[in-house]
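Here are a few exercises to work through with the model open in your viewer. Try each task before you read its solution.

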Amino acid sequence: MSAQPATTGSTGAGSAGNTVTGDPLRPGNPAKTVAAVPERRRSNRFRSRVLTPYLMLAPGILLFAVFMAAPIFYTLYLSFQRIEVSGLGLGSGARKQVFAGFDNYAAALSDPEFGASVGRVLTYGVILIPSMLGLALLFALLLDSRRSRATTFTRVSIFLPYAVPAVISSLLWGFLYLPSVSPFYYVTERLGFDMPQILSSGLIMFGIANIALWGGVGFNMIVIYTSLKAVPNDIYEAARLDGASEMQIALRIKIPIVMPSLIMTGLFSIVATLQVFAEPTTLRPLTNTLSTSWTPLMKVYRDAFTRDDIYSAAASSIVIAAATLLISFVFLRVVQKRAFGQED
Amino acid sequence: MRSFLRVGAMATVAATALLTAGCSSPAADQPAADGPVELSFWAWAPNIEKVVDLWNEENPEIKVTVSKQDGGDPAITKLLTAINAGSGAPDLIQAEYQKIPTLVASDALADISEGAGGLQEKFPEGVWDSVTLGGDALYAVPQDSGPMMFYYREDIFKELGLEVPTTWEEYADVARAVHASDPKRYLGTFSANDAGWFAGMAQQAGTSWWSIDGDSWGVDIDSEATEKVASYWGGLVEEGAIDNKPMYTPEWNAGLNDGSQVGWLSAIWAPGVLSGNAADTAGLWKVAPMPQWEGEEATGNWGGSSTAVTSQSEHAEAATEFATWLNTDPEAVQALADVSNVYPAATEEAESALTTAPDFFSNQPDFYDVAADVAQTVNPFTYGPNVNVAFSAYNDEFAKAADAKTEAAFVDALKAMQEITVTDLEDNGFNVK
């Protein structure tokens with residue numbers, strides 16, 4: 001989905017575990033027991049001490065090597081290659097793969113379209129991330145407040161769009177954005193309003209951000225809500241005894257306490273934003289305002305599969321991966337101290 | 001595993017092999033030892049599997065299995081990926097004409113001139129050129145062609161008192177009149193999503209975007225003729241007489257159905273699209289030859305495809321035999337026309353197969369007479385080895401122009417398209433004139 005990589009599910013589940021327990025005073029790790037090591041022969045000790053952990057790690061290492069490391073290294077290899085054609089380039093033997101040095105990287109970095117696509121993604125992120133996290137936080141706080149009713153139903157309805165695949169939601173919204181088939185435009189026209197064209201060049205960015213927002217708010221809300229639920233009640237009681245209002249409790253206690261969750265969802269959102277692909281790709285056939293290289297990943301896709309040039313696509317991929325890593329790292333550096341300062 | 005089975009089969013069924021070899025097809029590379037030759041065929045023409053069933057009934061020793069594809073572009077992308085990977089390609093693939101140079105440049109197609117070279121006289125010259133690329137090799141057997149024609153809503157034309165345009169000047173006047181009658185109504189749209197459509201327009205104007213000159217490619221996308229076409233459409237979009245939204249969107253479909261799209265410059269296969277997307281308008285459309293520039297009657301091609309044998313096929317001979325049958329056998333051609341609704345490329349076979357107008361055009365009994373006349377006037381056109389690059393440049397550049405709505409932007413878009421295409425060829429090391 002647009003706003004979160006699939007891997008975040010495990011983190012969510014982890015936090016959910018805390019909710020079920022609901023007891024912050026739970027001891028660290030009950031499973032961790034220290035077994036007395038009996039007297040054994042040296043070879044046995046070697047086997048259990050050194051080999052066993054590796055044996056247990058082996059499936060993980062193997063899967064990682066085959067499905068993560070190998071493709072990454074192959075991509076790196078491809079990014080330094082290119083096709084050299086001779087003559088008309090027809091028939092067998094007219095094409096050969098040659099070493100390209102840093103040509104592909106130079107081409108990727110100097111391509112104005114690549115820079116423009118990065119610029120668009122940054123604008124998109126500036127629109128999407130604050131509004132998505134802001135809404136998610138707001139909904140989570142509302143659900144957690146004492147006077148809320150029908151919270152389960154509300155929570156599920158806000159979360160539900162996350163279960164709709166991005167391609168499907170983009171198709172749905174695409175229909176709603178096309179004036180002559182959209183009920184929105186039908187209604188506003190009957191009411192005498194002139195609704196602006198969302199698929200026009202000025203508004204398309206908001207149109208796409210809206211799709212991601214619709215799909216992403218629910219997930220982030222659940223993450224934040226879950227960490228709110230883990231807050232011990234006596235803190236609130238103490239605050240109320242001191243005369244704090246619900247608003248003050250939200251601003252002074254709840255938000256600081258869920259800051260780590262906000263940072264985590266923020267990080268995932270940044271990564272997902274840099275990788276936005278499905279929404280603009282699905283909307284592209286509907287409008288003149290989305291190019292085939294509208295986002296960096298769309299450019300990678302176009303180079304690899306429309307232009308059949310996997311080499312420059314590989315170089316662009318490496319650049320995007322490195323940039324994502326760098327941005328995530330810087331983001332964590334900047335916010336970490338603020339968020340976890342008290343724990344240090 | 002496979003070779004193990006083969007050895008086993010050789011040892012134990014040698015006698016059977018000898019027996020059955022006698023009655024198996026002479027074209028099969030490895031007769032009978034492995035049972036029937038199995039051919040895989042990637043195709044997207046509607047109901048093509050029913051046509052293939054006819055072959056399988058008559059030819060038990062060469063079994064063809066159709067693997068249905070989403071369309072021309074995704075199938076080619078998958079094929080190129082399989083070719084790059086070294087395995088996974090089918091024996092046969094349905095390939096649009098404009099994809100053939102790209103496929104040949106990637107060494108994805110087998111030369112089948114030995115098995116099918118004799119078919120030349122069955123096809124129009126322009127079509128044959130696009131499967132030989134003007135050389136001695138033969139890379140595919142032509143299946144269908146897509147001569148462009150002008151479709152219009154006869155009822156609305158009558159209501160507005162309009163004549164069918166025969167020149168582009170008249171087309172522009174009719175477009176203005178249609179739009180003036182209702183601001184939501186257009187005679188057509190300029191679609192930045194359909195490069196093949198625009199290429200057909202350029203072809204009609206008498207130009208060819210690529211050419212082969214000895215050992216070099218020529219690229220002439222921004223020729224005078226294409227520029228004339230680009231600025232014509234740019235002008236119509238600028239004054240607002242023609243819509244600028246892409247084709248094949250839900251909105252466009254709705255427009256065809258509710259009469260806000262009054263005409264469509266399309267190809268022979270349009271009835272299939274119209275009956276699917278604008279079912280309410282059956283019997284209201286008519287077809288006419290394209291509006292003309294000065295000079296001889298001419299048209300372009302939009303779409304049309306061929307059956308090619310891939311370079312990974314281990315049964316090229318059997319595959320060639322099937323491709324030949326599919327596109328030239330009278331029974332197969334009849335089935336292609338009836339069940340798959342394509343306009344067969346084989347001239348004589350098409351004529352005898354297509355006698356009654358499509359159901360959607362029951363109001364125009366001479367539909368295929370008009371089509372046959374138009375099909376004779378298709379201009380020659382050469383596609384190059386990087387059509388994919390040029391077409392994706394069209395999508396991007398003309399989308400910008402259509403959004404900007406100025407004639408100048410259309411001409412600029414064409415220049416950008418030329419530059420991107422030439423730069424790509426040069427960067428890859430092709431000889432460019």
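**Exercise 1: around Met149(B)**

Task: in this predicted model, list which residues Met149(B) is in contact with, leaving aside its neighbours within four places in sequence.

Solution: Begin with the cut-off, C-beta atoms within 7 Å.

**Exercise 2: the nonpolar cores**

Task: find which residues touch the most other members of the largest nonpolar core.

Solution: This core has 143 residues, and Met149(B) turns up again, together with Ile100(B) and Phe322(B), as the residues that touch the most other members. Helix α18 of chain B, residues 387–404, gives the core its largest share, 10 residues. Now look for a second, separate core: it has 58 residues, including Leu143(A) and Ala315(A).

**Exercise 3: where the chains meet**

Task: work out how many residues each chain gives to the contact, and which element provides the largest share on the side of chain B.

Solution: Count by chain to get 33 residues from chain B and 27 from chain A. On the side of chain B, the elements that give two or more residues are α4, α5, α12 and α18. The largest share, eight residues, belongs to α18(B). Sorting that side by type gives 16 nonpolar, 12 polar and five charged residues.

**Exercise 4: chain A in outline**

Task: state how many helices and strands chain A has.

Solution: Chain A has 14 helices and two strands. Of its 344 residues, 32% count as buried.

Technical notes
Residues numbered from 1 in each chain as written. Chains lettered and ligands numbered in written order. Predicted model: local features only at pLDDT ≥ 70, side-chain atom pairs only at ≥ 80, totals over all residues. Core = buried A, V, L, I, M, F, W, Y, C linked by C-beta atoms within 7 Å. Buried ≥ 20, exposed ≤ 12 C-beta atoms within 10 Å, placed from the backbone. Helix = DSSP H or I, 4+ residues; strand = E, 2+ residues; numbered from the N terminus. Contact = placed C-beta atoms within 7 Å. Nonpolar A, V, L, I, M, F, W, Y, C, P; charged D, E, K, R; others polar.
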